[in-house]
Amino acid sequence: MDAINALLDRIRTQGIGASAEINPFWRRLVESFAPVLDSGERVSASALNKAHGYGAARLPAGVASNRDMPIWAELMRAADTGEVGGLGKQIEHAAILRFLREKEVLDDYVATLDRFRLVSKPGGPGRLYWYAVRLSRLLRRRGGDAPRVFLEIGSGAGFFAMLMSDAGLVRHYVMVDLPEMLLNAMLHARDYLPGVQIRFGETPDFSRSEQTFWSWRPARWRGSPTARWRWR
């Protein structure tokens, strides 16, 4: 929790989207954080998702599974028939569900989201789940089930890190992103991976026995190829 508070203090002190390197798309996205940070209320992953829509939402109370969501039957009909009329933005959603079913991992995908109490939706969840499946299979072929050290540049809402941790493959995970997106990822890790230690701005210590997520703002390489990383 101290790491999250430290990052919150930095964002509030320096301002939302303080980096001049952010392109217009990301600037608009991170600026949507401002009402949440200024409200004085407890900052949560759910509050940030509601503000900007970047990340999965929770299943509604009383809904046991994604298969019980009102849209699910229509999505599966489209996946079965290829008829997507009237689906609008859900066309991509139907396509990824069909793809996951063809790869024989749809049931596992739904079970994973249900366990986290997250909603399947267009965009990231299905795509990131498939990447996690592919990477998990590759790592297990090459080195078994031993937990590893990961570095993810552009960790976003932290969903891929959550999936790899859920697969039992993470010993340490270094996440690099804009401060506002790191906040998003760290809140997700806190909410969905309660046993994970969260650190911000500390030099990673991979000798630690606890599973740890290390959060870093973007780095700039200085000097020769043999120079060490200097973190802003």
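**Reading a pocket and a strand**

Mentor: Happy to! Keep in mind that this is a predicted model. Let's begin with the largest pocket, which has a volume of about 330 Å³.

Trainee: How is empty space like that found?

Mentor: Rolling a probe the size of a water molecule over the atoms shows where empty space is left. Here, 22 residues line the largest pocket. Nearest its centre lie Tyr54, Gly55, Gly124, Leu128 and Ala157.

Trainee: Which helix gives the most to the lining of the largest pocket?

Mentor: Helix 8 does, with four residues. Helix 8 spans 124-143, and helix 9, at 159-166, also supplies at least two residues of the lining.

Trainee: And how do the residues of that lining divide into nonpolar, polar and charged?

Mentor: There are 10 nonpolar residues, nine polar and three charged.

Trainee: Now for strand 4: why is it described as largely enclosed by the rest of the structure?

Mentor: Look at burial, where a residue counts as buried under 20% relative accessible area. In strand 4, residues 212-216, five of the five residues are buried, so the strand is largely enclosed by the rest of the structure. Check both faces: Thr212, Trp214 and Trp216 are buried on one side, and Phe213 and Ser215 are buried on the other.

Trainee: Which strands are joined to strand 4 by bridges?

Mentor: Strand 2 (residues 170-176) runs parallel to strand 4, with five bridges joining them. Strand 3 (residues 197-200) is also parallel to strand 4, joined by four bridges.

Definitions and conventions
Residues numbered from 1 in each chain as written. Predicted model: local features only at pLDDT ≥ 70, side-chain atom pairs only at ≥ 80, totals over all residues. Heavy atoms only, no water. 1 Å grid on protein atoms, 1.4 Å probe; cavity = no way out; pocket = protein on both sides within 12 Å on 5 of 7 lines; lining within 4 Å. Points joined across faces, edges and corners; volume = space filled by probe spheres on them. Nonpolar A, V, L, I, M, F, W, Y, C, P; charged D, E, K, R; others polar. Buried < 20%, exposed > 50% of the residue type's maximum accessible area, 1.4 Å probe, protein only. Pairing = 2+ DSSP bridges.
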